[in-house]
Amino acid sequence: MYDSEARYLLRYLNIDLDVHQETSPISFRRILPHFPIKYRAMLLDDGIDGIFIRSKKGNHITINSSKPYTRRRFSLGHEFGHFYLNHDSDVTTVHDQNRLVEVQANQFSASLLAPSQLVYALSKEKESISEMAAWLRISPISMAIRCMQLGIRKL
């Protein structure tokens, strides 16, 4: 897991992890401007969630704009994970999720969008996985997986 890296990043960016806010304080609008990354959303082939390109012309992240909001948000965290973890360029498809760099980028995205201290606090404040997911702006399945990873039992 990448909890310590995500925690360090959020602390560095002065993002307060207070559960009493209206919604999750973790916003890529607050994160990406601090890094040399050009970001855009556009229509991509249905099997592609996102693309990360590291080149002499700079770092680029493209997310498939046809995907649901929570998927785009997780994919942006995933592609940002490739950048932050110093991976090479990558095209993320639904078929290659078992490659090591893909697993690492997924774990980083989950740790960034649902930091453990926030998930623990939310589990005491919210009634269900769905409520926790809605507050964090992630999918209920991502929330359920994150709770399982952290040993939180929630109906």
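**Salt bridges and a buried aspartate**

Five salt bridges are counted in the structure, a salt bridge being defined as a side-chain nitrogen of Lys or Arg within 4 Å of a carboxyl oxygen of Asp or Glu. The model is a predicted one, in which local features need pLDDT of at least 70 and side-chain atom pairs count only at pLDDT 80 or more, while totals for chains, interfaces and linings use all residues. Residues are numbered from 1 along each chain as its sequence is written, and side-chain values use heavy atoms, with hydrogens and water left out.

Asp 46, Asp 49, Lys 67 and Arg 71 are joined in a network of salt bridges. Within this group, Lys 67 pairs with Asp 49, and the closest N and O atoms are 3.5 Å apart. Because Lys 67 lies in the loop between strand S3 (58–64) and helix H3 (69–84), whereas Asp 49 belongs to strand S2 (residues 48–55), the pair ties together parts that are 18 residues apart in sequence; helices (H or I, at least four residues) and strands (E, at least two) are here DSSP runs, numbered from the N terminus. Asp 49 also forms a salt bridge through its side chain with the side chain of Arg 71, at 3.5 Å from N to O. Since Asp 49 is in strand S2 and Arg 71 is in helix H3, this pair ties together parts that are 22 residues apart in sequence.

The accessibility of these residues was classified by relative accessible area (buried under 20%, exposed over 50%, partly exposed in between; 1.4 Å probe, protein chains only). Asp 49 is buried, at 6% relative accessibility, and Lys 67 is likewise buried, with a relative accessible area of 15%, whereas Arg 71 is partly exposed at 30%. A further salt bridge is formed by Arg 99 and Glu 102, with the closest N and O atoms 3.7 Å apart; in this pair Arg 99 is partly exposed, having a relative accessible area of 37%, while Glu 102 is buried, with a value of 0%.

When residues up to four places away in sequence are not counted, Asp 3 touches Ser 111, Ser 116, Arg 146 and Leu 150, contact meaning heavy atoms within 4.5 Å. With the side chain of Ser 111, the side chain of Asp 3 makes a polar contact at 3.2 Å, the term denoting a pair of N or O atoms within 3.5 Å, of which, within protein, one must be able to donate a hydrogen and the other to accept it, and for which residues adjacent in sequence count only if both atoms are side-chain atoms.
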